[in-house]
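Colleague: I'd like to learn how to read a model like this one, feature by feature. Can you walk me through it?

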Amino acid sequence: MDNARFVDQLQRGGEALGLSLGEGVAPGLQRLMAELLKWNAKVNLTAITAPEEVLEKHFLDSLAVLPEVEGAASLLDLGAGAGFPGLPLKLARPALAVTLVDAVGKKVGFLKAAIAALGLKEARGLHLRAEGDPEREGIPRAELLIARAFMDLPDWLALAPAYVRPGGRVVAMLGKAQPESELAARASERGLRVVSSRQYRLPFSGAERQVAVFSQA
Ligand code: SAM
């Protein structure tokens, strides 16, 4: 994918998602794509390797939750894998302090290399396993906790609150939309409430997504 097409697709996709992306985002994402595809030739980081698909299914899918992230100072991405959604969110909002945690060393090796290649400040990759006890595990709490393709919703709402600072929020990125009543019931089981939820579609494939935000009730 050449530079002009990348910028055009990013802009069109961002507009379709209603996002405001600064001009600096495209070069960072292009560098991230190059690092990802280079590493993926040696280390299995992602099954999505066609540049157009990486742009939509990794980059735009990550950036789609920017409205839920706005205003937060710190973000913790658990089970970050190759850095989604945390790295695109950091590129789009450089002031956000981002911690990416994964239990697999080679993935964290990539995260650290990508952070260095992108020259990101206040971003780090940690090779740790999240099991519900952040102090013991050495995982820092954040204002906003997020994960994609990490756990199903009931398990996520059981694990996540321990990693959030007081007054913070938990974001769930859902591949399969859930009715509001289901979200409220799952939240209530864990002493949480639904702050917001919305459904949207990825701009080119039309794939359905939902994002929901939870806080202490
Ligand atoms: N979030 C990325 C994405 O959407 O592309 C990766 C999703 S991948 C399906 C799930 C990731 O969670 C894997 O990289 C795996 O190593 C990591 N993982 C699984 N259990 C974990 C745990 N308890 N603590 C930290 N990472 C974990």
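This is a predicted model: local features need pLDDT of at least 70, side-chain atom pairs count only at pLDDT 80 or more; totals for chains, interfaces and linings use all residues.

Colleague: Is Ala-149 buried or exposed?

Modeller: Exposed, because its relative accessible area is 81% and the cut-off for exposed is over 50%.

Colleague: Which other residue has a positive phi near 55°?

Modeller: Look at Glu-122, again not a glycine, with phi near 55°. You'll find Glu-122 in the loop between helix H6 (105-118) and E3. With a relative accessibility of 58%, Glu-122 also counts as exposed.

Colleague: Now peptide bonds. What should I expect in general?

Modeller: Most peptide bonds are trans. Here, a cis bond links Phe-84 to Pro-85, with omega about 15°. Pro-85 belongs to the loop between E1 and H5.

Colleague: And Gly-86, where is that?

Modeller: Gly-86 is part of helix H5. It counts as buried, since its relative accessibility is 0% and buried means under 20%. Skipping residues up to four places away in sequence, Gly-86 touches Leu-75, Asp-77, Val-98 and Leu-100. For a sense of distance, Gly-86 and Ala-97 are eleven residues apart in sequence, and their C-alpha atoms are 10.0 Å apart.

Colleague: How about the database annotation: which residues does "binding site" cover?

Modeller: The UniProt record, an unreviewed entry, puts that label on Gly-79, Phe-84, Ala-130, Glu-131 and Arg-148. Of these, Gly-79, Phe-84 and Arg-148 are included in the lining of the largest pocket.

Colleague: What does Gly-79 touch?

Modeller: Leaving out residues up to four places away in sequence, Gly-79 touches Val-101, Asp-102, Arg-148 and Phe-150. So far as location goes, Gly-79 is in the loop between strand E1 (74-78) and helix H5 (86-92).

Colleague: And Ala-130, buried or exposed?

Modeller: Buried, because its relative accessible area is 15%. Ala-130 lies in the loop between strand E3 (123-127) and helix H7 (134-137). Apart from neighbours within four places in sequence, Ala-130 is in contact with Leu-78, Glu-137, Ile-139, Leu-159 and Tyr-163.

Colleague: Let's do helix packing. What describes a packed pair?

Modeller: Two things: the angle between the helix axes and the distance between those axes. For H1 (residues 3-16) and H2 (residues 25-40), the angle is about 115° and the axes are 10 Å apart. The crossing of H1 past H2 is right-handed. On the H1 side the contact is made by Asn-3, Phe-6, Val-7 and Leu-10, and on the H2 side by Ala-26, Leu-29, Gln-30 and Met-33. Sort those contact residues and you get six nonpolar, two polar and no charged.

Terms used: Residues are numbered from 1 along each chain as its sequence is written. Side-chain values use heavy atoms; hydrogens and water are left out. Axes are lines fitted to C-alpha atoms, for helices over the stretch in contact, and angles run from 0 to 180 degrees between N-to-C directions. Helices (H or I, at least four residues) and strands (E, at least two) are DSSP runs, numbered from the N terminus. A crossing is left-handed if the near helix is turned anticlockwise from the far one by less than a right angle, and right-handed if clockwise. Contact means heavy atoms within 4.5 Å. Ala, Val, Leu, Ile, Met, Phe, Trp, Tyr, Cys and Pro count as nonpolar, Asp, Glu, Lys and Arg as charged, and the others, Gly among them, as polar. UniProt positions are given in the numbering used here, feature names are shortened, and annotations may be inferred rather than shown by experiment. On a 1 Å grid over the protein atoms alone, a cavity is a set of points where a 1.4 Å probe fits but cannot get out, and a pocket is an open set with protein on both sides within 12 Å along at least five of seven lines; lining residues have an atom within 4 Å of a point. Buried means under 20% relative accessible area, exposed over 50%, partly exposed in between (1.4 Å probe, protein chains only).
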